Amino acid sequence: MNEVEFLQWVKGPAFSIALFIFVAGLVLRLFEILSLGRKVNYAVPKGDPMQGGLREIFRRSVPDKATFQRSMLTIVAGYVFHIGLFVVIFLLAAHVEVFKSVLGFGWPNLSTPVVDAFAVVTMIALVVVLIHRLQHPVKRFLSSPGDYVAWAVTFVPLLTGYMAYHHLLLSPQMMLGLHILSVEILLIVFPFTKLMHTFTVFLSRWYNGASMGLRGVKS
C-alpha cells in the first residue's frame, strides 16, 4: 500500500468503521447509564430539582477559591486544554468540512494560523498535565493504564495534525493519513475509556444537583 492508497483507505473504509464503532459505543454506553434509572422518591419535594441540577452544573464548572488555590495547576491546565481541544476540533476549516460531510451542515471557522496556535497551547497543557500526574505521588498511584491511554489518544491527533499542517518529518500525504488514522483510533476507544465523560459530565452533575434540590439541600 503506497501513500496515496493509505490516505484513501483512512479517508474511506477506516473512517466509516471508526465512526460506526464510535456511534454504536456511544449509544450503548448512554443506554447502560440511562437504563439504570432512579428509585422513586416518595418524600414530599422540598425544592426544585431542575434548579438544583442547573445550580450544580454551574457550581462544579467554576472552582471555589480554596479549590483553585489548592489545585491551581490542574485547574488552569485543564481549562486550557479543554478549550483548546474544542477550538481545534470544531473551528478548524478542514474539520468543519468533515462535520459538514457527515452531518449535512457546517458553521463558521477560525483562520488556520489561529487554530494552529490553539493546538500548540493545547499540547503544552496536556504535557504539563501528564508531567504533574507522573510527579504527584497520589495522582500517580490512582492512575490506571486507561488514564494514560486516554491521554495518548488525545495528544497524538493534535501532534500529527500539527506535523501534517507544517509538513514535518514525513510526506504531507503520509502525515495526513497518520493524523486521520490517529483520530479514528480516538473515535474507536472513546466510548470505552474515561473520555466518555465528555457526554456524561453534565448529566451526572445535573443528576446529583437535582437529587439535592429535590430534598431542599443547596449544593
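Helix axes here are lines fitted to C-alpha atoms over the stretch in contact, with angles taken between N-to-C directions. Keep that in mind as you explore this predicted model.

**Exercise 1. Find how long helix α10 is, and compare its reach with the expected one.**

Solution. Start with the residues: α10 covers 172–189, which gives 18 residues. Next, take the span from the first C-alpha to the last, which is 26 Å. Finally, compare: this is close to the 26 Å expected at 1.5 Å a residue.

**Exercise 2. Work out how α1 and α10 are oriented to each other.**

Solution. First, look at the axes, which come within 9 Å and cross at roughly 25°. Angles under 35 degrees count as roughly parallel, so α1 is roughly parallel to α10. As for handedness, the crossing is left-handed.

**Exercise 3. Describe the contact between α1 and α10.**

Solution. On the α1 side, find Glu3, Phe6, Leu7, Trp9, Val10 and Lys11. Their partners in α10 include Gln173, Met174, Leu178 and Leu181. Sorted by class, the contact has nine nonpolar, two polar and three charged residues.

Then look at burial: Gly177, Ile180 and Glu184 are among the buried residues of α10. Besides α1, the buried residues of α10 pack against α2, α6 and α9.

**Exercise 4. Examine phi and exposure for His167 and Leu169.**

Solution. Begin with the background: most residues other than glycine have a negative phi. His167 has a positive phi near 55°, and Leu169 has a positive phi near 70°. Now locate them: His167 lies in the loop between α9 and α10, and Leu169 is also in that loop. Last, check exposure, which means over 50%: His167 is exposed at 53%, and Leu169 is exposed at 73%.

Methods:
Residues numbered from 1 in each chain as written. Predicted model: local features only at pLDDT ≥ 70, side-chain atom pairs only at ≥ 80, totals over all residues. Heavy atoms only, no water. Helix = DSSP H or I, 4+ residues; strand = E, 2+ residues; numbered from the N terminus. Expected span 1.5 Å × (residues − 1). Buried < 20%, exposed > 50% of the residue type's maximum accessible area, 1.4 Å probe, protein only. Contact = heavy atoms within 4.5 Å. Axes fitted to C-alpha atoms, helices over the stretch in contact; angles between N-to-C directions. Parallel < 35°, antiparallel > 145°, perpendicular 65-115°, else oblique. Left-handed = near helix turned anticlockwise from the far one by under 90°. Nonpolar A, V, L, I, M, F, W, Y, C, P; charged D, E, K, R; others polar.
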